[in-house]
Each structure stands twice: as C-alpha cells, then as structure tokens.
Amino acid sequence: MENKIHKNRIISFINLNWGIILILILWEFWVVVNDFNPIVMPSPEGVLLDLIQNPIIYIENSAVTFSIAVVGLFGGMLIGTTLAIMTWFSPLLSGLINPTAVLLSSVPVVSLIPIIARILGYNMATEIILVVIITFFPSFVFTTAGLRALPPGSQDLFTSLGASRISTLKKLALPAAFPNLAIALRLAAAHAILAAMIAEFLMGTNGLGYLFAVTKQEFLTERAFGTSVIATVISVIAFLASSHFENNVKKRFT
Amino acid sequence: MLSQIFPNKNFIYGILGLTSFFIFWQIIGHFQLAGLSLPSLTDVLNFLFDPERHALFIRAIGATFQSAVMGFLAGALVGIFLASSVQILPILKNGSDRFAAVINSVPSIALGPIFLILIDREATPAGVASIHVFFIVYVSMSSGLSSASREHEDLFTIFGASRIKQFWSLNLPYSAPAIVSGLRLSWPAALIGAIIGEWFGAARGIGILIINAMQNFQINLLWSAVLLAAMMSLLFFGLMTFFERLTYQRFR
C-alpha cells in the first residue's frame, strides 16, 4: 500500500518535471561527450557544488536583485494602475495618453537602459526605475482594459441609481478590473527579476546580474552558471506564485 | 466625409497626445533640462538621417532584422510544434507547461554564453530571440487549442474521431486567432532577444551600436539606435496587427 503511494508520487513528479529532467540529462551528456573544460561549459554537478559551497555570495546578491525587482514591480504597478484610473475619469486624458503609451510599449525597453542610466546615473535607484518602467506597461494596459470591461447593464444600473463617479469606480469598475490586474502582475513578476538582472549586468555595482558579468569575465564559469540557475529559480517561483494568485482572484471576482 | 478623415474624437486626442510628447521632448532636449544625455528630437533625427552614416545604419538594421526574423521563425516553429504535440498527447501537457515556464525564466544574458557554445557566434542573437518567441507562441497557442467548446469536442468523440483528426479539424482552426496574436506579441520580444544576443560578440547590429555608443558616450548615436529599434518594432507590429484582423474575421 505504502509502496504504491510512493510510486504514484514519483510518477506525478516525472509527469510535471520531465522537461527539466530532460534538460539536465542532455546538459550532462553534452558536457561529457564533448569533454568540455569547466571554464568553457561546466557540468550540472559542478554548478551544484559551487552553489552549495558558497551560499553566502549567492544569497547576498539574490537579496539585492530580489529587492530591486520587488520595489520596482510595486512602483510600476502602482503608477500604471493610478494612471489607468485617471484616464478612466477623463476621456481627454485617456485620448492623450493611450497612443503615446502604445508607442512607448513597442519600444524594445532593453535599448532604453543605457539612455536612462546616462540620464539618472549608474546606481541602484536607476535600476529600480528601470524595473518600474518595464512593469508599468502591463499594469497600465490591463487595468485600462479591465476598468472598461464591465458586466453588461451594470453601468446603467449605477447611473440610474444616481451613483457618483467615485462610487462607481470603487464599487463597480475597480472590482471588475481586479482579475486583469492579476494578469498584469503575473506578466510583470517574472519579467521584473530578469529586468533587474539585465540592468545590473549593464551598469550594476552588485546583485545577480553584476555577479554574472564579473564571474564571466574572470572565467569562473561555474559561478556564472550558478548565478543563472538562481535567477531562473527565483523567476520561476515568482511566475508560479503570481499564477496561483491570479487563479484565486479569478475564482473570487468572476 | 469629415468623419472618415477624423475617425473619432479619440483619434484627434491621440495625435494631440503624441505631438505634445514630441514637443515636450524637443523642449527638454533643446534647453538641456535633463543634461547632455537627452538631446533634442531634431538633433537625433539630423544625426540619424545624415547621409554619411546611412551605410552604417543600414548594415546594423540588416543584421538585427535577419537575426530577429530567424529567431522569430525558429521560436514560432518550436512553440507551435510543442503546443500541438501535447494537445495530441495530453499526458505530457503539465510537464511541458512547466518546461516552457522554466526556459522562459532563464535570464537572457545567461542564454548568450550558452548559445555561443551551442551554435556559432553569428547565430547567437537569433538563438536568444527564438527563446523569447517560443514561450509567447507556446502559451498563446495552448490557450487557443483548449478554447474549443466542450460540445464540439463531445461531438468528435461520439463520432469516434481520433485525437489527431480532432486536432486538425477542430482545435487547430480554433487556435488560429490566438496563434496570430501570439506571433504579433512576440515580435518585439524577438527584437529584444536579438539585441541582447548581439552583446555577446556579434560583428554588427543595433545591439552593437547601443553598446558602443554607451561605452563611448556618443549620445546621438545611442538615441539613433534606440529610435531605429523602435521603428523596426513598430513597423512589423503594425503589419502583424493588420494580419491579425484578417485572421479574426476568417476564424471567429
């Protein structure tokens, strides 16, 4: 009996993670067949060993990147949502802002990083602002759409009962926009970590992106890969957590 | 007649908004309110359209465009193939969702060095671009494939259609709009991937211009490169939006 439960657990683990297991096997196989020097291409166990032996370096830099990403994410979501609400109040403002936002959102943001770094200086505040800019667009676009996608007839009900614009916003439009806001969070969360890392890579003084740049230059390839693995894990967790949150919000609000 | 030229009030507001954005930029740049790093729009445009630099810019655009298109095609093919396979073999679905999410979470700056070893230096930008595209196409296509209605699926089952038959005649046509939307959204991502990939030792391209301009403080060159990237993104995005409308009309 116990054996069977054990077996089922293994099967469902493989069912969920076969892709990742496949990557690890191919990686190991590839390194062994080509007989790569660890400087060129480390093996999975070499990377794991470096991760286990130097936890402090990884934890410190992850903490920096993570805080930049989180602060930037909430800043971007706050600004995006506020602006979306402002455009909901004023059709003029909405007309003025929307096309510019669409134009800016199609600019490859990565190409803006050097410019923003030049204007604001090479420091942590700039890295946060970059994450804010990158996470701003999804929250603005999705909240704007959500505030307008009201259940049919509900607007008429609010108007005929003489609800003020503010109470319509609070009781109708905002709850209606909440699922969209959750989608924006999911899109932005995984992105925020990676954006913070690119910013650190280009101009950083610390954090995972900086650690990656430095270790790559010094041919500490195992550590560079370890850095990537950590960043991947953090952003997968961010992605899964925000997907979970989105599902809950969907259930609650629709 | 007038309403055809000016479709609606929002259109005029939009033009107003864009114009004031550019004027705002021009004023800040002209009086150097944000320091030397933000030149006026006309300065950048003069630099961009200077005939002396045409050859340089055209080479860079050509290289980045080629990488982005190659990455776009490769990523889209893999994404479509994987999404179709797990639709036919649903037992693999959970694992492949997780696989796609993990692949997408690998930082693109870490993909660069891996592709340098995996494929050659010139193909690295396309490789990084393909990863970005793969995820977006995969996610949008799988949601499109699962959007076929329950009743239709039951009908196919009752008539004893095989999973492959059901895929070709039901799920695939249903997913067409989602695939096209995914392709449209993944184009800017392909460009970003190509630009980042070029940082790892490509010979030419927009990414090289950006890095060089940043390191040598050539502000006008930096802004020109950014404008070029934006234009490439917008042009193709517009084209795909048009294509998307056609697909929606046909399949919905």
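**Figure 1. Contacts and fold of chain A in the predicted model.** Of the contacts in chain A between residues at least 6 apart in sequence, 78% join residues at least 24 apart, a contact being a pair of residues whose C-beta atoms, placed from the backbone, lie within 7 Å. This is a predicted model, in which local features need pLDDT of at least 70 and side-chain atom pairs count only at pLDDT 80 or more, while totals for chains, interfaces and linings use all residues. Residues are numbered from 1 along each chain as its sequence is written, and chains are lettered from A and ligands numbered from 1 in the order in which they are written. Chain A has ten helices and zero strands; helices (H or I, at least four residues) and strands (E, at least two) are DSSP runs, numbered from the N terminus. The radius of gyration of chain A, 23 Å, is well over the 18 Å that the globule rule gives for 254 residues, so chain A is more spread out than a compact globule. That radius is taken over C-alpha atoms, and the globule rule is 2.2 Å times the number of residues to the power 0.38. The C-alpha trace of chain A spans about 75 × 65 × 30 Å along its principal axes.

**Figure 2. Confidence along chain A.** The mean pLDDT is 83 in chain A, and 98% of its residues reach 70 or more; pLDDT is the predictor's confidence in each residue, from 0 to 100. Within chain A, confidence is lowest in α4(A), with a mean of 76, and highest in helix α3 (residues 55-89), at 90. Where pLDDT is low, the predicted coordinates should not be read in detail.

**Figure 3. The side of chain A that touches chain B.** In this interface, 40 residues of chain A are in contact with 43 residues of chain B. Elements giving two or more residues to this side of chain A are α1 (2-34), α4 (91-105), α5 (113-120), α8 (165-203), α9 (208-217) and α10 (221-253). The most comes from α4(A), with eight residues. By residue class, this side of chain A has 26 nonpolar, twelve polar and two charged residues. Ala, Val, Leu, Ile, Met, Phe, Trp, Tyr, Cys and Pro count as nonpolar, Asp, Glu, Lys and Arg as charged, and the others, Gly among them, as polar.

**Figure 4. The largest nonpolar core and A:Ile193.** The largest nonpolar core has 120 residues, and A:Val131, A:Ile193 and A:Ile198 have the most contacts inside it. α8(A) gives the most to this core, with 21 residues. Such a core is a set of buried Ala, Val, Leu, Ile, Met, Phe, Trp, Tyr and Cys residues joined through C-beta atoms within 7 Å. A residue is buried if 20 or more other C-beta atoms, placed from the backbone, lie within 10 Å of its own. Leaving aside neighbours within four places in sequence, A:Ile193 is in contact with A:Thr65, A:Ala69, A:Ala231, A:Ile234, A:Ser235 and A:Ala238.

**Figure 5. Helix α10 of chain B and its cover.** Helix α10 (residues 206-215) of chain B is mostly covered, with seven of its ten residues buried. These are B:Ile206, B:Gly207, B:Ile208, B:Leu209, B:Ile210, B:Ala213 and B:Met214. Their cover includes α5 of chain A together with α4 (54-88), α9 (163-198) and α11 (219-251) of chain B. After α10(B) comes B:Phe217, whose phi is positive, near 55 degrees.

Key: Contact = placed C-beta atoms within 7 Å. Buried ≥ 20, exposed ≤ 12 C-beta atoms within 10 Å, placed from the backbone.
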